[in-house]
Structures are given as structure tokens and as C-alpha cells.
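Visitor: I would like to learn how to read contacts and charge pairs in a model. Where do we start?

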Amino acid sequence: MGTSAVGSMVVFNDGEPAKNEYKRFRIKTLTGMDDYGMMREIILRRYSRTGVPPVNMPDLIVVDGGKGQLNTLINALKELSITNIDTIGIAKGEDRNNPETDIIY
């Protein structure tokens, strides 16, 4: 929350954080709160820079969110003709606000 919307990307190589490849994107084309639109902008900006043929492409893209965010990711990649990357979304379950199902480690 705030006045400037941003999105972030983290990168792992061989299971280790590659902090020099982390990136923060300032949202440039949207005003107001539009999660899907902001995500689409970030994906298009990030993966349109890969060149032809694409280089430095990940094996897997993990998005923070459920079906809507995952579909936004997949559709944005399709716009760029990128179809060979595995994608997953991580979302809390339906019981996310039920203290009886919380697991504390």
C-alpha cells in the first residue's frame, strides 16, 4: 500500500538466492489498484527483454496468488509467445483465516 505501486522479482539458481538478479518494478502504465493489470505489466516488461530467441529464461515461474494471478501470468507469457516455462501459483487455502487450521512451527 502507498502512493507508488511496485512489484518484485526474486531469482534462485540451483536452489540458492541470486540476489544480484532480484528486481523491483515500478508500475508505469496503470493508475489505481489493479492486481492483474500490474502483474501483466511486470511480466511483459521482464520477459520482452529476453531477445529472440529468448535467453536467460527460467525453468519455473512461481507467482504469489491463486488462479487469477496464475492465469494472468500464463496469458502474458502467451502474448510474448513463451509457452515452454512451467508456472505455478501459491495461494492460501479456503481455511486461511481459521485459527484451528494454522500450523505454527
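Guide: Start with contact: it means heavy atoms within 4.5 Å. Keep in mind that this is a predicted model.

Visitor: Which residues does Arg 49 touch, leaving out those up to four places away in sequence?

Guide: Lys 23 and Phe 25. Arg 49 itself sits in the loop between helix 1 (35-47) and strand 5 (60-64).

Visitor: Is Arg 49 buried or exposed?

Guide: The cut-off for exposed is over 50% relative accessible area. Arg 49 has 53%, so it counts as exposed.

Visitor: Now the charge pairs. How many salt bridges does the structure hold?

Guide: The general idea is that side chains of opposite charge can pair when their charged atoms come close. Here there are two salt bridges.

Visitor: Which side chain does Arg 40 meet in a salt bridge?

Guide: That of Glu 79, at 2.8 Å from N to O. This pair links distant parts of the chain. Arg 40 belongs to helix 1, Glu 79 to helix 2 (residues 67-79), and they are 39 residues apart. Arg 40 is partly exposed at 37% relative accessibility. Glu 79 is partly exposed too, at 46%.

Visitor: And where do Glu 41 and Arg 45 lie?

Guide: Both are in helix 1, four residues apart, or about one turn of the helix.

Visitor: Why does Arg 45 count as buried?

Guide: Buried means under 20% relative accessible area. Arg 45 has 18%, so it falls in that class.

Conventions. Residues are numbered from 1 along each chain as its sequence is written. This is a predicted model: local features need pLDDT of at least 70, side-chain atom pairs count only at pLDDT 80 or more; totals for chains, interfaces and linings use all residues. Side-chain values use heavy atoms; hydrogens and water are left out. Helices (H or I, at least four residues) and strands (E, at least two) are DSSP runs, numbered from the N terminus. Buried means under 20% relative accessible area, exposed over 50%, partly exposed in between (1.4 Å probe, protein chains only). A salt bridge is a side-chain nitrogen of Lys or Arg within 4 Å of a carboxyl oxygen of Asp or Glu.
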